[in-house]
Amino acid sequence: MALAAAEAALAAADLEGVTIAQAVCRIDPDNGLPEPLWQDRRIAWPALTALLLPGRDLDAAPGLTRRLARVAEARLLAELTRPVAQRLWRPIGMPLAPATLEGPAFTRFADALPAGRHGETTVAIRPADVLADPGLPARLRPILASRGFRFALDDAAPGFFALVPPARLGVDVIRLRWSPTLPGAEPPALAALLAEGAERVVLTGVDRPAAIAWGWEAGLRLFQGPLVERRRGGV
């Protein structure tokens, strides 16, 4: 009953109101000005669940959470192919659940996306999904590559790479989550990635100048987060 009600509410909900959008920017040390490359878009799950099922603890109902995630992501993908979204198109990145990526909603999205837009779309999988299903990257990589999508790992903490070396993932982009403990906490596999990561690694969650300074020192040039948005005049 709760699922039916939530799905009905989701069908009429304004997803823009529960979607977080931030620019992934190149920031070079010589000028420090953010140059937007693509827009990261993701559903704010706490805001969405509060809208659909106020007061409900979804941590106690993982099946319901997964179902709503699939429905919400399917709607997000459908919205991106509508004429108004295509007129306002900009390169985009988004994390998606494995069930969405391997389901009909993503196939419809890929089929409906105009030629040339696939290469401007970065699709990310979450570290938790890789840990739950180690074969996931190898399974998705040929599917996404055949369509021309860019393949990414979403917002990984440094410790993840001690368990799954970056070379085993086969992704085009790795989104590394900033934290104040990151400097000096790099496992050897991550250190090797950083050595070649100027265009492959996005430092996310950037909320202070120290994050950008550390990224520059590590050789990174791609950044995303509240501080980047402020520098762009976005907030």
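Let's start with one pairing in this predicted model: Ala152 has Val173 in strand 6 as its bridge partner. That contact point belongs to a barrel closed by eight strands in the order 1-2-3-4-5-6-7-8, with mixed pairing. The chain as a whole holds 12 helices and eight strands. The notes below go along part of the barrel, then turn to the nonpolar cores and the chain overall.

- Strand 5 and strand 6 (residues 173-177) run parallel and share three bridges.
- Another bridge between them links Ala156 to Leu176 in strand 6.
- How many of the five residues of strand 6 are buried? Four of them are, and the strand is mostly covered.

**Strand 4 and its neighbours**

- On one side, strand 4 pairs with strand 3 (residues 92-95) in the parallel sense, over four bridges.
- Within that pairing, Gly93 stands opposite Thr122 in strand 4.
- Strand 4 is also joined to strand 5 by four bridges, and these two strands run parallel.
- Here Ile125 has Leu153 in strand 5 as its bridge partner.
- Strand 4 (residues 121-125) is mostly covered, with five of its five residues buried.
- In a regular strand, side chains alternate between the two faces of the sheet.
- Which residues of strand 4 sit on each side? Thr121, Val123 and Ile125 are on one side, Thr122 and Ala124 are on the other, and all of them are buried.

**A residue to look at: Asp155**

- Asp155 lies in strand 5 (residues 150-156).
- Is Asp155 buried or exposed? Its relative accessibility is 18%, so Asp155 counts as buried, the cut-off being under 20%.
- The backbone of Asp155 deserves a glance as well: its phi is near 40°, a positive value in a residue other than glycine.
- For context, most residues other than glycine have a negative phi.

**Nonpolar cores**

- The largest nonpolar core has 55 residues, and those touching the most other members are Phe106, Leu153, Phe161, Leu169, Leu176 and Leu203.
- Helix 3 (residues 62-80) gives this core its largest share, five residues.
- Which residues does Phe161 contact, leaving aside neighbours within four places in sequence? They are Leu153, Ala156, Pro166, Leu169, Ile174, Leu176, Ala189 and Leu190.
- Several names come back here from the strand pairings: Leu153 is the partner of Ile125, and Leu176 is the partner of Ala156.

**The chain as a whole**

- The protein chain has 235 residues, and buried residues make up 46% of them.
- Among contacts with a separation of 6 or more, 61% are between residues 24 or more positions apart.
- The chain exposes about 11100 Å², and carbon and sulfur atoms supply 58% of that area.

Methods: Residues numbered from 1 in each chain as written. Predicted model: local features only at pLDDT ≥ 70, side-chain atom pairs only at ≥ 80, totals over all residues. Heavy atoms only, no water. Buried < 20%, exposed > 50% of the residue type's maximum accessible area, 1.4 Å probe, protein only. Pairing = 2+ DSSP bridges. Core = buried A, V, L, I, M, F, W, Y, C linked by side-chain atoms within 4.5 Å. Contact = heavy atoms within 4.5 Å. Areas by Shrake-Rupley, 256 points an atom, 1.4 Å probe, with all protein chains shown as cover.
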